[in-house]
Amino acid sequence: MSNNATNAARQRIDALLDANSFVEIGGYVTARNTDFNLAAKETPADGVVTGYGVIDGNLVYVYSQDASVMNGSIGEMHAKKIAGLYDYAMKMGAPVIGLVDCAGLRLQEATDALNGFGEIYLKQSLASGVIPQITAVFGTCGGGLALVPGLTDFTFMEEKDAKLFVNSPNAIDGNNVSKCDSASAKFQSEEAGLVDVVADAASILEQIRQLVCMLPANNEDDMSYEECTDDLNRTCTDLANAAGDTAIALSNISDDGVFFEVKRAYGQNMVAGFIKLNGVTVGALANRTELYDENGEKTAEFDNVLSVKGCRKAAEFVNFCDAFDIPVLTLTNVKGFKSSMCAEKNIAREAAKMTYAFANATVPKVNVIIGEAYGSAYVAMNSKSIGADMVFAWPQAQIGMMDAGLAAKIMYDGESADIINEKTAEYAALQSSALAAAKRGYVDNIIDAQDTRKYVIGAFEMLFTKREDRPSKKHGTV
């Protein structure tokens, strides 16, 4: 091996993989270009360590950029090593994990480096929906390299030193880094929504291990389950109290409390993540109206409406689950769409994309209505109407066109308060109750909140062999 020095790139791989499992590929590769005195520079492994190993026994392919070699910049051979790693991963059907710390294109190699970028983009695009792709940013990830995490499925970012940008903050008209650090982990996770998890370096590597153990190895993997030791009929006595912060509710119904949340800081009125039910990984989405921290303190409140960020987050998540045959569970509590001039620019488009994602997905889909379910926002949220296989509702759920009181005021405008109250109660019973929806077949069963876990597990077991055809076409355009 041409470089035996211990460096951050190798330390990250060692911390990520099971002990002594890493096998390096292409360790003797160096830069071929000699322009601009490049021949005089040492380029061990051409600035990227590539190879394979296991995470809890699961095969993965890993590349880790070495910032000590020309700042980790990407040249011809650097890119070929990453592209070659994708070839291995596609043949074997195993995830690719990229650990990024890179100054960008290697200027001395110009068009060769540019072509290398294109080769990486192509391999990522071909691998999308076939094998899981994970990127973790530990240093700089700028310019064209910022497309790499955009082409992967999940992105992690170190909370203090990592930078992720297409245009640096100071290069944006009217901005500078002190005004808005658009390259920071905070901006990329909360505003851009590109980053799923922000944490320190050690926590990132541990959480990647957790995520890999929850995901199938590829889109044909039917072994992505484990033995369940949790009681399948376990009663979740406090589940109704967690209807506000549905991240807590999802943890409660999951095997042994397992829940891996993605895009945690983005569109927080929509929760997205993976849980385990009877040992099987399930993708879960839920409307959220409250947010609690690890100390049990309420830190935020949200209206139970669909927002632009929430819809975008949900659509991307459902598409991933459908590509990898991961069943989808939703907890619905929504009364409409976010109303603001900013939201109005994009809400129709993003809500449509979410609706299409649910309707287009052929995986098992189960919906539990835990609160309000009003209007077309409810229809878009994995309702029976757009293809949910099983729909449950808690007894106090309200399902219909709109709030009963508002409906009564519209229908009986100008009538006395007594008439309005009478018609409100009548409308609630006839048109807005869980029972009324169940009588019409829009809800399959009304269940107590505490029994949600056993009913949902039972539904997914029944749907395990689901097959569903779609019209013949190349792909949709939504």
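I kept in mind throughout that the model is predicted.

**Entry 1: aromatic pairs**

I started with the rings. A search through the whole structure turned up 10 aromatic pairs. I looked up Tyr52 and Tyr61 and found their ring centres 6.0 Å apart. Their planes sit at 50°, so I wrote this pair down as tilted.

Then I checked how open each partner is. Tyr52 has a relative accessible area of 31%, so I have it as partly exposed. Tyr61 comes out at 4%, so that one goes down as buried, the cut-off being under 20%.

Tyr61 has another ring partner, Tyr88. Here the centres are 6.3 Å apart with 10° between the planes, and the pair is stacked. I wanted to know where the two partners sit in the chain. Tyr61 belongs to strand E3 (residues 58-65), and Tyr88 to helix H2 (residues 76-92). They are 27 residues apart, and the pair links distant parts of the chain. Tyr88 has 41% relative accessibility, so I noted it as partly exposed.

I also jotted down a cluster: ring pairs join Phe154, Phe274, Phe317, Phe320 and Phe324.

**Entry 2: a charge over a ring**

Which residue lies over the face of Phe260? I found Arg264 there, 5.0 Å from the ring centre.

Lys263 is in the loop between strand E10 (259-261) and strand E11 (270-277). Is Lys263 buried or exposed? I got 9% relative accessibility, so this lysine counts as buried. Setting aside neighbours within four places in sequence, I listed its contacts as Gly193, Leu194, Val195, Asp196, Lys313 and Glu316.

**Entry 3: H8 against H10**

Next I took a helix pair. Helix H8 (residues 308-323) and helix H10 (residues 347-360) have axes that come within 8 Å of each other. The axes cross at roughly 25°. An angle under 35 degrees counts as roughly parallel, so that is how I recorded H8 and H10. The crossing of H8 past H10 is left-handed.

I wrote out who makes the contact. From H8 I have Val308, Cys311, Arg312, Ala314, Ala315, Val318, Asn319 and Asp322. From H10 I have Ile347, Glu350, Ala351, Lys353, Met354, Ala357, Phe358 and Asn360.

**Entry 4: Thr332 and Val368**

I looked up Thr332 and found it in strand E16 (residues 328-334). Its relative accessible area is 0%, so Thr332 is buried. Leaving out residues up to four places away in sequence, Thr332 touches Asn287, Asn367, Val368, Ile369, Ile370, Gly371, Glu372, Ala373 and Met381.

Val368 lies in strand E18 (residues 365-374). With 0% relative accessibility, Val368 also goes down as buried. Beyond its neighbours within four places, I noted that Val368 is in contact with Leu329, Thr330, Leu331, Thr332, Phe392, Trp394, Thr452 and Val456. I also looked up how far Val368 is from Ile253. The two are 115 residues apart along the chain, and their C-alpha atoms are separated by 12 Å.

**Entry 5: Val198**

Val198 is placed in strand E9 (residues 197-199). I got a relative accessible area of 33%, so Val198 is partly exposed. Its contacts, neighbours within four places left out, are Met157, Glu159, Ala185 and Ser189. How far apart in space are Val198 and Asn175? C-alpha to C-alpha I have 24 Å, for a sequence gap of 23 residues.

**Entry 6: positive phi**

Last, I looked at backbone angles. Ala45 has phi near 60°, a positive value in a residue other than glycine. Ala45 sits in the loop between strand E1 (23-25) and strand E2 (48-55). With a relative accessible area of 3%, Ala45 is buried.

Asn71 is not a glycine either, yet its phi is positive, at about 60°. I found Asn71 in the loop between E3 and H2. Where Ala45 is buried, Asn71 counts as exposed, at 54% relative accessibility.

Notes. Residues numbered from 1 in each chain as written. Predicted model: local features only at pLDDT ≥ 70, side-chain atom pairs only at ≥ 80, totals over all residues. Heavy atoms only, no water. Phe/Tyr/Trp six-rings, centres within 6.5 Å; stacked < 30°, edge-to-face > 60°. Buried < 20%, exposed > 50% of the residue type's maximum accessible area, 1.4 Å probe, protein only. Helix = DSSP H or I, 4+ residues; strand = E, 2+ residues; numbered from the N terminus. Lys NZ or Arg CZ within 6 Å of the ring centre and 35° of its normal. Axes fitted to C-alpha atoms, helices over the stretch in contact; angles between N-to-C directions. Parallel < 35°, antiparallel > 145°, perpendicular 65-115°, else oblique. Left-handed = near helix turned anticlockwise from the far one by under 90°. Contact = heavy atoms within 4.5 Å.
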